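Here is a short report on backbone features and strand pairing. Keep the sequence and the model open as you read.

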Amino acid sequence: MTKKGLCLRVALVILSFSIIGCSNASREKKADLGEICLGVNLELSGKYGSTGALALSGMKMAIQEVNEKGGIRGLPVRLVVGDNKSDPAIALTIFEQQVKNEHVVAVLGPKNSDTAISLGQRAGELKTPFIATNATHPRVTLDDSGRTKPYAFRACFTDPFQGTAMAAFASARLNAKRAALYVDASSEYSQGIGSFFEREFIKRGGVIVYKSEYRGGEADFGKIKEELKDDNVELVFIPGFSIDVSRFIPQARRAGFAGPIVGGDAWDIDTIRQLIGDSHLKNLFYADMFSVDDDNIRVTEFKQRFMKLSEGRMPNAAAVLGYDAALVLLDAVKRADSVTGEGIRAALEQTKDIPGVSGTISLNRKHDVENSIIVMGVANGKSVFLERSEAGH
(Lines give C-alpha, C1' and ligand atoms only; values in the text may rest on other atoms or scores of the structure.)
Protein backbone atom coordinates (compact mmCIF):
# COMPACT_ATOMS: atom_id res chain seq x y z
CA MET A 1 0.00 0.00 0.00
CA THR A 2 1.45 3.37 -1.01
CA LYS A 3 1.51 6.45 1.19
CA LYS A 4 -0.72 8.10 -1.39
CA GLY A 5 -3.34 5.44 -0.83
CA LEU A 6 -3.57 5.75 2.94
CA CYS A 7 -6.67 7.28 4.51
CA LEU A 8 -5.75 9.12 7.72
CA ARG A 9 -7.76 10.79 10.44
CA VAL A 10 -7.05 14.49 10.71
CA ALA A 11 -8.77 17.63 11.91
CA LEU A 12 -8.97 20.59 9.55
CA VAL A 13 -10.60 23.96 9.59
CA ILE A 14 -11.68 25.02 6.10
CA LEU A 15 -13.84 28.07 5.52
CA SER A 16 -15.02 27.96 9.15
CA PHE A 17 -16.34 24.38 9.02
CA SER A 18 -14.77 21.39 10.70
CA ILE A 19 -13.76 18.14 9.05
CA ILE A 20 -12.68 15.00 10.80
CA GLY A 21 -11.57 12.12 8.66
CA CYS A 22 -9.43 11.37 5.67
CA SER A 23 -6.32 13.00 4.28
CA ASN A 24 -5.81 14.44 0.83
CA ALA A 25 -5.51 11.80 -1.85
CA SER A 26 -5.89 11.42 -5.59
CA ARG A 27 -9.35 11.54 -7.18
CA GLU A 28 -9.01 7.89 -8.20
CA LYS A 29 -11.11 5.94 -5.72
CA LYS A 30 -10.15 2.31 -5.26
CA ALA A 31 -11.07 -0.37 -2.74
CA ASP A 32 -7.51 -0.65 -1.38
CA LEU A 33 -7.28 2.71 0.38
CA GLY A 34 -6.84 1.47 3.93
CA GLU A 35 -10.17 3.06 5.00
CA ILE A 36 -13.42 3.93 3.27
CA CYS A 37 -14.17 7.63 3.73
CA LEU A 38 -17.74 8.92 3.74
CA GLY A 39 -18.55 12.61 3.92
CA VAL A 40 -21.04 14.17 6.31
CA ASN A 41 -22.62 17.49 5.31
CA LEU A 42 -24.95 18.59 8.11
CA GLU A 43 -26.65 21.60 9.67
CA LEU A 44 -24.78 21.51 12.98
CA SER A 45 -25.32 25.23 13.61
CA GLY A 46 -27.29 28.12 12.15
CA LYS A 47 -31.00 28.31 11.35
CA TYR A 48 -31.60 24.54 11.23
CA GLY A 49 -28.87 23.47 13.64
CA SER A 50 -31.01 22.45 16.62
CA THR A 51 -31.25 18.77 15.61
CA GLY A 52 -28.17 18.38 13.42
CA ALA A 53 -26.12 16.93 16.26
CA LEU A 54 -28.69 14.18 16.74
CA ALA A 55 -28.55 13.31 13.04
CA LEU A 56 -24.78 13.04 13.33
CA SER A 57 -25.11 10.81 16.39
CA GLY A 58 -27.36 8.47 14.40
CA MET A 59 -24.82 8.31 11.58
CA LYS A 60 -21.94 7.63 13.96
CA MET A 61 -23.94 4.85 15.58
CA ALA A 62 -24.41 3.07 12.23
CA ILE A 63 -20.72 3.47 11.39
CA GLN A 64 -19.69 2.12 14.78
CA GLU A 65 -21.89 -0.93 14.29
CA VAL A 66 -20.45 -1.79 10.90
CA ASN A 67 -16.87 -1.24 12.08
CA GLU A 68 -17.43 -3.51 15.08
CA LYS A 69 -18.32 -6.24 12.58
CA GLY A 70 -15.12 -5.75 10.59
CA GLY A 71 -16.04 -2.83 8.36
CA ILE A 72 -16.84 -3.17 4.66
CA ARG A 73 -14.69 -5.31 2.35
CA GLY A 74 -12.35 -5.74 5.28
CA LEU A 75 -11.85 -1.98 5.61
CA PRO A 76 -12.96 0.35 8.43
CA VAL A 77 -15.31 3.20 7.55
CA ARG A 78 -14.37 6.76 8.54
CA LEU A 79 -16.62 9.84 8.56
CA VAL A 80 -15.46 13.25 7.30
CA VAL A 81 -17.73 15.71 9.12
CA GLY A 82 -18.60 19.22 7.90
CA ASP A 83 -20.93 21.82 9.41
CA ASN A 84 -22.76 23.65 6.61
CA LYS A 85 -24.17 26.16 9.14
CA SER A 86 -27.63 25.84 7.51
CA ASP A 87 -26.32 27.78 4.51
CA PRO A 88 -26.73 26.33 0.96
CA ALA A 89 -23.56 28.07 -0.26
CA ILE A 90 -21.47 26.62 2.58
CA ALA A 91 -23.06 23.20 2.00
CA LEU A 92 -21.89 23.32 -1.61
CA THR A 93 -18.37 24.39 -0.60
CA ILE A 94 -18.13 21.56 1.92
CA PHE A 95 -19.30 19.05 -0.65
CA GLU A 96 -16.69 20.15 -3.16
CA GLN A 97 -13.90 20.20 -0.58
CA GLN A 98 -14.74 16.75 0.73
CA VAL A 99 -14.92 15.22 -2.74
CA LYS A 100 -11.86 16.95 -4.19
CA ASN A 101 -9.56 16.99 -1.17
CA GLU A 102 -10.81 14.46 1.35
CA HIS A 103 -11.28 11.46 -0.88
CA VAL A 104 -14.86 10.68 0.15
CA VAL A 105 -16.76 8.24 -2.07
CA ALA A 106 -20.25 9.41 -1.03
CA VAL A 107 -21.87 11.90 1.35
CA LEU A 108 -24.47 11.67 4.13
CA GLY A 109 -26.70 14.75 4.38
CA PRO A 110 -27.63 17.52 4.26
CA LYS A 111 -30.58 17.27 6.62
CA ASN A 112 -32.82 20.06 5.31
CA SER A 113 -34.27 20.77 1.87
CA ASP A 114 -32.77 24.22 1.26
CA THR A 115 -29.22 22.97 1.78
CA ALA A 116 -29.76 19.63 0.03
CA ILE A 117 -31.21 21.21 -3.12
CA SER A 118 -27.99 23.18 -3.61
CA LEU A 119 -25.92 20.00 -4.10
CA GLY A 120 -27.81 18.24 -6.88
CA GLN A 121 -26.10 19.61 -9.97
CA ARG A 122 -22.59 19.59 -8.52
CA ALA A 123 -22.99 16.03 -7.25
CA GLY A 124 -23.68 14.97 -10.84
CA GLU A 125 -20.68 16.87 -12.16
CA LEU A 126 -18.39 15.30 -9.55
CA LYS A 127 -20.08 11.90 -9.88
CA THR A 128 -20.44 11.54 -6.12
CA PRO A 129 -23.79 10.55 -4.60
CA PHE A 130 -25.31 12.05 -1.46
CA ILE A 131 -28.23 10.92 0.68
CA ALA A 132 -30.26 13.70 2.28
CA THR A 133 -31.77 12.69 5.62
CA ASN A 134 -34.86 14.77 6.50
CA ALA A 135 -34.98 16.85 3.28
CA THR A 136 -38.51 16.42 1.93
CA HIS A 137 -38.78 18.93 -0.95
CA PRO A 138 -39.24 17.28 -4.40
CA ARG A 139 -36.39 19.35 -5.87
CA VAL A 140 -33.85 17.53 -3.69
CA THR A 141 -33.98 14.61 -6.13
CA LEU A 142 -35.74 16.16 -9.15
CA ASP A 143 -34.56 18.96 -11.45
CA ASP A 144 -36.79 21.77 -12.71
CA SER A 145 -37.94 19.57 -15.61
CA GLY A 146 -39.00 16.78 -13.26
CA ARG A 147 -36.10 14.51 -14.20
CA THR A 148 -34.34 12.53 -11.49
CA LYS A 149 -30.97 13.92 -10.44
CA PRO A 150 -28.67 10.90 -10.90
CA TYR A 151 -26.51 11.41 -7.81
CA ALA A 152 -29.14 12.80 -5.38
CA PHE A 153 -31.00 10.47 -2.99
CA ARG A 154 -33.04 10.82 0.19
CA ALA A 155 -33.91 8.65 3.20
CA CYS A 156 -37.32 10.15 3.99
CA PHE A 157 -40.76 10.86 2.57
CA THR A 158 -41.46 13.94 0.42
CA ASP A 159 -43.41 17.18 0.79
CA PRO A 160 -46.20 16.08 -1.59
CA PHE A 161 -46.60 12.99 0.56
CA GLN A 162 -46.73 14.72 3.94
CA GLY A 163 -48.67 17.79 2.77
CA THR A 164 -51.33 15.52 1.27
CA ALA A 165 -51.39 13.25 4.32
CA MET A 166 -51.78 16.12 6.79
CA ALA A 167 -54.60 17.65 4.74
CA ALA A 168 -56.34 14.27 4.77
CA PHE A 169 -55.86 14.09 8.54
CA ALA A 170 -57.17 17.65 9.05
CA SER A 171 -60.23 16.94 6.96
CA ALA A 172 -61.11 13.37 7.96
CA ARG A 173 -59.85 13.14 11.54
CA LEU A 174 -60.26 16.74 12.74
CA ASN A 175 -63.37 17.47 10.62
CA ALA A 176 -62.03 20.89 9.62
CA LYS A 177 -63.62 22.79 6.73
CA ARG A 178 -62.10 26.27 7.12
CA ALA A 179 -58.33 26.59 7.52
CA ALA A 180 -55.73 29.34 7.70
CA LEU A 181 -52.30 28.75 6.17
CA TYR A 182 -49.07 30.35 7.46
CA VAL A 183 -46.02 29.71 5.28
CA ASP A 184 -42.36 30.69 5.65
CA ALA A 185 -41.56 32.66 2.47
CA SER A 186 -37.83 32.09 3.01
CA SER A 187 -38.13 28.28 3.03
CA GLU A 188 -38.76 26.07 -0.01
CA TYR A 189 -39.65 23.33 2.44
CA SER A 190 -42.45 25.34 4.04
CA GLN A 191 -43.78 26.65 0.74
CA GLY A 192 -43.82 23.18 -0.78
CA ILE A 193 -45.73 21.51 2.04
CA GLY A 194 -48.14 24.44 2.23
CA SER A 195 -49.03 24.18 -1.44
CA PHE A 196 -49.69 20.43 -1.29
CA PHE A 197 -51.74 20.81 1.90
CA GLU A 198 -53.84 23.52 0.26
CA ARG A 199 -54.43 21.46 -2.88
CA GLU A 200 -55.58 18.35 -0.98
CA PHE A 201 -57.62 20.28 1.60
CA ILE A 202 -59.59 22.02 -1.15
CA LYS A 203 -59.97 18.73 -3.02
CA ARG A 204 -61.64 17.31 0.09
CA GLY A 205 -64.16 20.14 0.24
CA GLY A 206 -62.29 22.50 2.56
CA VAL A 207 -61.63 26.21 2.15
CA ILE A 208 -58.39 28.11 2.79
CA VAL A 209 -59.90 31.27 4.22
CA TYR A 210 -56.64 33.03 4.99
CA LYS A 211 -53.05 32.74 3.76
CA SER A 212 -50.10 34.57 5.28
CA GLU A 213 -46.39 34.58 4.58
CA TYR A 214 -43.64 35.28 7.11
CA ARG A 215 -39.85 35.08 6.99
CA GLY A 216 -38.21 32.44 9.14
CA GLY A 217 -36.35 33.80 12.15
CA GLU A 218 -38.03 37.18 11.76
CA ALA A 219 -41.66 36.17 12.16
CA ASP A 220 -44.06 38.78 13.52
CA PHE A 221 -47.58 37.50 14.01
CA GLY A 222 -48.90 40.76 15.42
CA LYS A 223 -52.17 40.70 13.46
CA ILE A 224 -52.98 37.12 14.35
CA LYS A 225 -56.08 37.95 16.41
CA GLU A 226 -57.83 39.69 13.56
CA GLU A 227 -56.68 37.13 11.00
CA LEU A 228 -58.02 34.13 12.86
CA LYS A 229 -61.18 35.64 14.32
CA ASP A 230 -62.58 37.54 11.35
CA ASP A 231 -62.62 34.53 9.04
CA ASN A 232 -63.99 31.99 11.55
CA VAL A 233 -60.93 29.81 11.15
CA GLU A 234 -61.36 26.25 12.43
CA LEU A 235 -57.78 25.06 11.97
CA VAL A 236 -54.33 26.52 11.31
CA PHE A 237 -51.68 24.80 9.22
CA ILE A 238 -48.16 26.17 9.78
CA PRO A 239 -45.43 24.00 8.19
CA GLY A 240 -42.59 26.00 9.72
CA PHE A 241 -39.55 25.43 11.89
CA SER A 242 -39.59 25.23 15.66
CA ILE A 243 -38.40 28.76 16.47
CA ASP A 244 -41.17 30.37 14.40
CA VAL A 245 -43.83 27.91 15.50
CA SER A 246 -42.82 28.71 19.08
CA ARG A 247 -43.64 32.36 18.44
CA PHE A 248 -46.90 31.56 16.68
CA ILE A 249 -48.52 29.14 19.15
CA PRO A 250 -48.58 31.40 22.27
CA GLN A 251 -49.77 34.39 20.25
CA ALA A 252 -52.57 32.34 18.68
CA ARG A 253 -53.71 31.05 22.07
CA ARG A 254 -53.55 34.49 23.71
CA ALA A 255 -55.58 35.83 20.79
CA GLY A 256 -58.32 33.39 21.69
CA PHE A 257 -57.79 30.74 19.01
CA ALA A 258 -58.30 27.38 20.73
CA GLY A 259 -58.65 25.26 17.59
CA PRO A 260 -56.15 22.73 16.20
CA ILE A 261 -52.75 23.99 15.06
CA VAL A 262 -51.16 21.55 12.61
CA GLY A 263 -47.63 21.33 11.23
CA GLY A 264 -45.10 19.21 9.37
CA ASP A 265 -42.09 17.15 10.31
CA ALA A 266 -39.91 20.22 11.04
CA TRP A 267 -41.69 20.72 14.34
CA ASP A 268 -39.32 19.62 17.10
CA ILE A 269 -41.55 19.43 20.16
CA ASP A 270 -38.64 19.26 22.59
CA THR A 271 -37.30 22.56 21.21
CA ILE A 272 -40.76 24.13 21.21
CA ARG A 273 -41.31 23.04 24.82
CA GLN A 274 -38.01 24.59 25.88
CA LEU A 275 -38.99 27.88 24.26
CA ILE A 276 -42.60 28.23 25.43
CA GLY A 277 -43.17 25.70 28.22
CA ASP A 278 -45.97 23.18 28.53
CA SER A 279 -48.95 25.47 29.10
CA HIS A 280 -49.53 26.15 25.39
CA LEU A 281 -48.77 22.61 24.22
CA LYS A 282 -52.28 21.38 23.60
CA ASN A 283 -54.49 20.68 20.60
CA LEU A 284 -51.40 20.46 18.38
CA PHE A 285 -50.78 17.93 15.60
CA TYR A 286 -47.75 17.37 13.41
CA ALA A 287 -46.18 14.94 10.95
CA ASP A 288 -43.18 12.88 11.92
CA MET A 289 -41.00 10.07 10.63
CA PHE A 290 -40.49 8.37 13.97
CA SER A 291 -42.12 7.98 17.38
CA VAL A 292 -40.43 6.66 20.51
CA ASP A 293 -43.85 5.25 21.45
CA ASP A 294 -43.88 2.94 18.42
CA ASP A 295 -43.64 -0.60 19.78
CA ASN A 296 -41.93 -1.94 16.65
CA ILE A 297 -38.95 -4.10 17.68
CA ARG A 298 -36.54 -2.10 15.49
CA VAL A 299 -37.62 1.13 17.20
CA THR A 300 -37.28 -0.40 20.66
CA GLU A 301 -33.80 -1.78 20.00
CA PHE A 302 -32.61 1.43 18.34
CA LYS A 303 -33.89 3.56 21.21
CA GLN A 304 -32.03 1.43 23.76
CA ARG A 305 -28.74 1.51 21.84
CA PHE A 306 -28.98 5.22 21.06
CA MET A 307 -29.69 6.23 24.66
CA LYS A 308 -26.77 4.13 25.85
CA LEU A 309 -24.37 5.80 23.42
CA SER A 310 -25.73 9.34 23.95
CA GLU A 311 -25.80 9.37 27.76
CA GLY A 312 -29.55 8.88 28.04
CA ARG A 313 -30.71 11.33 25.40
CA MET A 314 -33.88 10.21 23.66
CA PRO A 315 -33.64 9.87 19.85
CA ASN A 316 -35.87 11.84 17.52
CA ALA A 317 -36.59 11.70 13.79
CA ALA A 318 -33.29 13.46 12.95
CA ALA A 319 -31.33 10.76 14.78
CA VAL A 320 -33.34 7.97 13.16
CA LEU A 321 -33.03 9.36 9.63
CA GLY A 322 -29.30 9.95 10.13
CA TYR A 323 -28.98 6.33 11.14
CA ASP A 324 -31.20 5.02 8.33
CA ALA A 325 -29.41 7.11 5.69
CA ALA A 326 -26.12 5.62 6.86
CA LEU A 327 -27.59 2.10 6.71
CA VAL A 328 -28.71 2.66 3.12
CA LEU A 329 -25.34 4.08 2.07
CA LEU A 330 -23.34 1.35 3.81
CA ASP A 331 -25.49 -1.30 2.14
CA ALA A 332 -24.82 0.29 -1.26
CA VAL A 333 -21.06 0.40 -0.61
CA LYS A 334 -21.15 -3.32 0.20
CA ARG A 335 -23.05 -4.16 -2.99
CA ALA A 336 -21.28 -1.77 -5.37
CA ASP A 337 -19.18 -3.18 -8.21
CA SER A 338 -16.51 -0.69 -7.20
CA VAL A 339 -16.00 1.67 -4.26
CA THR A 340 -16.43 4.74 -6.46
CA GLY A 341 -19.11 7.37 -6.75
CA GLU A 342 -20.35 5.79 -9.96
CA GLY A 343 -20.41 2.30 -8.48
CA ILE A 344 -22.18 3.40 -5.29
CA ARG A 345 -24.76 5.42 -7.26
CA ALA A 346 -25.66 2.36 -9.31
CA ALA A 347 -25.99 0.27 -6.14
CA LEU A 348 -28.15 2.92 -4.44
CA GLU A 349 -30.60 2.79 -7.34
CA GLN A 350 -31.13 -0.91 -6.59
CA THR A 351 -31.84 -0.35 -2.88
CA LYS A 352 -34.71 -2.54 -1.77
CA ASP A 353 -36.14 -3.72 1.54
CA ILE A 354 -33.50 -2.32 3.90
CA PRO A 355 -34.77 -2.88 7.49
CA GLY A 356 -34.52 0.70 8.76
CA VAL A 357 -35.80 2.14 12.04
CA SER A 358 -38.22 4.44 10.18
CA GLY A 359 -39.57 1.47 8.20
CA THR A 360 -38.52 -0.90 5.46
CA ILE A 361 -36.61 1.24 2.96
CA SER A 362 -36.74 0.91 -0.81
CA LEU A 363 -35.82 3.67 -3.26
CA ASN A 364 -38.07 4.36 -6.24
CA ARG A 365 -37.13 5.71 -9.66
CA LYS A 366 -37.13 9.27 -8.26
CA HIS A 367 -34.58 8.18 -5.60
CA ASP A 368 -37.24 8.73 -2.92
CA VAL A 369 -38.36 6.48 -0.08
CA GLU A 370 -41.89 5.16 -0.29
CA ASN A 371 -42.98 4.86 3.31
CA SER A 372 -45.77 5.74 5.71
CA ILE A 373 -46.09 8.90 7.77
CA ILE A 374 -46.65 9.16 11.51
CA VAL A 375 -49.14 11.70 12.88
CA MET A 376 -48.43 12.92 16.41
CA GLY A 377 -50.71 14.84 18.75
CA VAL A 378 -49.80 17.03 21.71
CA ALA A 379 -51.99 17.23 24.80
CA ASN A 380 -51.05 18.49 28.26
CA GLY A 381 -47.50 19.07 27.08
CA LYS A 382 -46.97 15.47 26.01
CA SER A 383 -46.58 14.10 22.46
CA VAL A 384 -48.64 11.02 21.71
CA PHE A 385 -48.63 8.65 18.75
CA LEU A 386 -51.96 8.92 16.91
CA GLU A 387 -51.72 7.05 13.65
CA ARG A 388 -49.57 5.88 10.79
CA SER A 389 -51.02 7.31 7.58
CA GLU A 390 -50.62 5.92 4.09
CA ALA A 391 -52.13 8.98 2.36
CA GLY A 392 -50.11 10.41 -0.51
CA HIS A 393 -48.83 7.20 -2.11
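His103 is buried, at a relative accessible area of 5%. Buried means under 20% relative accessible area, exposed over 50%, and partly exposed in between (1.4 Å probe, protein chains only). His103 sits in the loop between H2 and S5. Its phi is positive, near 60°, and His103 is not a glycine.

This is a predicted model: local features need pLDDT of at least 70, side-chain atom pairs count only at pLDDT 80 or more, and totals for chains, interfaces and linings use all residues. Residues are numbered from 1 along each chain as its sequence is written, and side-chain values use heavy atoms, with hydrogens and water left out. Helices (H or I, at least four residues) and strands (E, at least two) are DSSP runs, numbered from the N terminus.

Lys85 also has a positive phi without being a glycine. Lys85 lies in the loop between strand S4 (77-83) and helix H2 (88-101).

| Residue | Phi | Relative accessible area |
|---|---|---|
| Lys85 | about 55° | 29%, partly exposed |
| His103 | near 60° | 5%, buried |

Next, a cis peptide bond. It runs from Gly109 to Pro110, with omega near 0°. Pro110 is in the loop between strand S5 (107-108) and helix H3 (113-117).

How do strands S8 and S9 run? They are parallel, and seven bridges join S8 (residues 178-184) to S9 (residues 207-214). Two strands pair if DSSP finds at least two bridges between them. Ala179 stands opposite Ile208 in S9. From S8 the chain crosses through helix H6 (residues 188-203) to S9, a right-handed β-α-β crossover. Right-handed means that, with the strands pointing away from the viewer, the path from the first strand over the helix to the second runs clockwise.
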